[in-house]
Amino acid sequence: MTTPKQMEQQQQQQIVKMKNSGLISYNGSPMIDDRDEEMTRSALSAFRAKEEEIERKRKEVSDKVQAQLCRVEEETKRLAEIREKLETFVDPAGKEVTIVRKKIDLVNRELKPMGQNCQRKEKEYKEALDAFNAKSKEKAQLVTKLMELVSESEKLRMKKLEELSKHIEALH
């Protein structure tokens, strides 16, 4: 899984790439050219890839947990069968039955916190994913707003330049 430090390093590398490609000037302001759309697609592609990776990893963890739970259930059934067989014996295996029962009880006690831990971690994962999705949505909205503002600003500047040009022509 990607650690927060690795994610930060990836983001810094993307910023450097954007600066080197001319999409962002070194003072941090965006530059408007044909590469904006390409970078937006690239960023969206990277975001989708990360989301797919996160979903894939979540599924892997979920599958592993499910497989472990299935194995535990099978083991519990087998232990119950062993317990029944041992209870039917009336021979000196009484000590062994007691030992196996104690082991079963021990395993059962260990299973409960494991199940709770799995549920807690799954809940934490969902919360983290929800927070990530919310921030991603907020970022997308802010990028859209920024693009609108930049577009409006350019239109206004072009209009002002045209007015000044007409005014200069009127003076000649």
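This report describes helix α3 and a few residues in and around it.

The model is predicted, so local features need pLDDT of at least 70 and side-chain atom pairs count only at pLDDT 80 or more, while totals for chains, interfaces and linings use all residues. Residues are numbered from 1 along each chain as its sequence is written, and side-chain values use heavy atoms, with hydrogens and water left out.

Helices here are DSSP runs (H or I, at least four residues), numbered from the N terminus. Helix α3 covers residues 94-171, 78 residues in total. From first C-alpha to last, α3 reaches 115 Å, close to the expected 116 Å; the expected span is 1.5 Å times one less than the number of residues.

Buried means under 20% relative accessible area, exposed over 50%, and partly exposed in between (1.4 Å probe, protein chains only). V97, I104, Y125, S136 and V150 of α3 are buried.

| Residue | Relative accessible area | Class |
|---|---|---|
| V100 | 21% | partly exposed |
| E75 | 35% | partly exposed |
| L161 | 53% | exposed |

V100 lies in α3. Beyond its neighbours within four places in sequence, V100 is in contact (heavy atoms within 4.5 Å) with I82 and L86. L86 is 14 residues from V100 along the chain, and their C-alpha atoms are 9.1 Å apart.

E75 belongs to helix α2, residues 35-88.

How values were computed:
Helices (H or I, at least four residues) and strands (E, at least two) are DSSP runs, numbered from the N terminus.
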